[in-house]
Amino acid sequence: LSTEELKEYFSQFGSVQRCQLPFDRDTGFHRRYCWIKFSTPEDVQNVLQKDSHILEGSKLHLKQQTRRRRSQRRNPRE
């Protein structure tokens, strides 16, 4: 999967602000996870309400990341 394919899929649930698909520098393959940032909390709820997400034959497992305060971040520049 590519970032664009993920962005296109998730855009059906709301406005996607950012899609990050990290790659392993040693293998060149993606690490089997990504981050999707939506414009509103309602968009996130739209995604989570669907029972299952299958893309190119693979079931996607979704987790909602809780917002961290600046004081909880490891790197103060995040």
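Phe10 and Phe38 are both buried in this predicted model, where buried means a relative accessible area under 20%. Phe10 lies in helix 1, whereas Phe38 belongs to strand 2, which covers residues 35-38. The two residues stand 28 positions apart, and their pairing links distant parts of the chain.

How do the two rings meet? A pair of aromatic rings is described by the distance of the centres and the angle of the planes. For Phe10 and Phe38, the centres are 6.4 Å apart and the planes make an angle of 80°, an arrangement that counts as edge-to-face. Phe10 also forms an aromatic pair with Tyr9, again described as edge-to-face, with 5.0 Å from centre to centre and 85° between the planes. Tyr9 is buried, as is Phe10.

Which residues gather in a patch of negative charge on the surface? They are Glu4, Glu5, Glu8 and Glu56. Among them, Glu8 is found in helix 1, which runs over residues 3-10, and helix 1 is also the element that holds Phe10. Is Glu8 buried or exposed? Because its relative accessibility is 61%, Glu8 counts as exposed, the cut-off for that word being over 50%. Helix 1 therefore carries both an exposed residue, Glu8, and a buried one, Phe10.

Conventions
Residues numbered from 1 in each chain as written. Predicted model: local features only at pLDDT ≥ 70, side-chain atom pairs only at ≥ 80, totals over all residues. Heavy atoms only, no water. Patch = residues over 30% accessible without salt bridge, like charges linked within 9 Å, V, L, I, M, F, W, Y side chains within 5 Å. Areas by Shrake-Rupley, 256 points an atom, 1.4 Å probe, with all protein chains shown as cover. Salt bridge = Lys/Arg side-chain N within 4 Å of Asp/Glu carboxyl O. Lys, Arg positive; Asp, Glu negative; His and termini not counted. Charge placed at Lys NZ, Arg CZ, Asp CG, Glu CD. Helix = DSSP H or I, 4+ residues; strand = E, 2+ residues; numbered from the N terminus. Buried < 20%, exposed > 50% of the residue type's maximum accessible area, 1.4 Å probe, protein only. Phe/Tyr/Trp six-rings, centres within 6.5 Å; stacked < 30°, edge-to-face > 60°.
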